[in-house]
Amino acid sequence: MDDFNRKRHAVYKLTYHAVFVIKYRRKVMSEPIIEHMRQYAAHLIGQCYQGRLIELNGESDHIHILFELPATAAPSVVVCSLKTQLSKEIRANFWDEIKDKLWNNIFWSDSYFITTTGGADIETLEKYIQDQGIEKPKRKYNPEESDNCPKHGRCDAFFNDALCGTCNS
């Protein structure tokens, strides 16, 4: 229980994974912008909400943020504040770089994704977020190269020894 947060009447560990997307997925963010967001988000989460930024990374059209909050902080309020403050900060410091890439001068999409990390271990989520922006090989599916079950027509790419998962033929 060493990694739990403690208050006078509470013991907790509330870790969240949030994703913010640029309006219409415009390719706006560069490495310096993401690095600046990382530093500023750490400041906002720590100073304004007494939380902790664990990881922030992204690609040119979205960011992933992994952070902890105290039990007294409402995640939706924190997310709205982060989106607003990060947008203002990036506009103030990188306006010449981003002004021609934005749609109607709007930075973030109105929506966002947030989830608690639940049973996933933090190291796995940290690795996933750190790997954002790294080119991943695309999966290719070619039905002509697949041995499908004659009865069920299922692709056996996920079955061992090319057996149908339903009838084992």
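**Exercise 1. The sheet**

What order do the four strands of the open sheet have, and in which sense do they pair?

*Solution.* This is a predicted model in which local features need pLDDT of at least 70 and side-chain atom pairs count only at pLDDT 80 or more, while totals for chains, interfaces and linings use all residues. Residues are numbered from 1 along each chain as its sequence is written, and side-chain values use heavy atoms, with hydrogens and water left out.

Step 1. Strands (E, at least two residues) and helices (H or I, at least four) are DSSP runs numbered from the N terminus; two strands pair if DSSP finds at least two bridges between them.

Step 2. The order is E4-E5-E3-E6, with antiparallel pairing.

Step 3. E4 and E6 (108-116) are the edge strands, each with a single partner, so one side of each lacks a neighbour in the sheet.

Step 4. E4 and E5 are joined by seven bridges and by a hairpin through two residues; Leu 56 stands opposite Ile 65 in E5. Between E3 and E6 there are six bridges, and His 17 has Thr 115 in E6 as its bridge partner.

**Exercise 2. The helix pair**

Determine how H1 and H2 cross.

*Solution.* Step 1. Axes are lines fitted to C-alpha atoms, for helices over the stretch in contact, and angles run from 0 to 180 degrees between N-to-C directions.

Step 2. The two axes, of H1 and H2, come within 10 Å and cross at roughly 145 degrees.

Step 3. The contact (heavy atoms within 4.5 Å) involves residues including Met 37 and Tyr 40 of H1 and Leu 86 and Ile 90 of H2.

Step 4. H1 also lies across E4, E5 and E6, at about 155 degrees to E4. Helix H3 (residues 122-130) packs on the sheet as well, touching E3, E4 and E5.

**Exercise 3. The core**

Identify the elements and residues that build the largest nonpolar core.

*Solution.* Step 1. Such a core is a set of buried Ala, Val, Leu, Ile, Met, Phe, Trp, Tyr and Cys residues joined through side-chain atoms within 4.5 Å. Buried means under 20% relative accessible area, exposed over 50%, and partly exposed in between (1.4 Å probe, protein chains only).

Step 2. The largest core has 30 residues; Phe 20, Met 37 and Trp 108 are among those with the most contacts inside it.

Step 3. E3 (14-22), H1 (31-49), E4 (52-59), E5 (62-69) and H2 (75-98) each supply at least two of its residues.

Step 4. Apart from this core lies another, of five residues, including Ile 54 and Ile 122.

Step 5. Six of the eight residues of E4 are buried, so this strand is largely enclosed by the rest of the structure.
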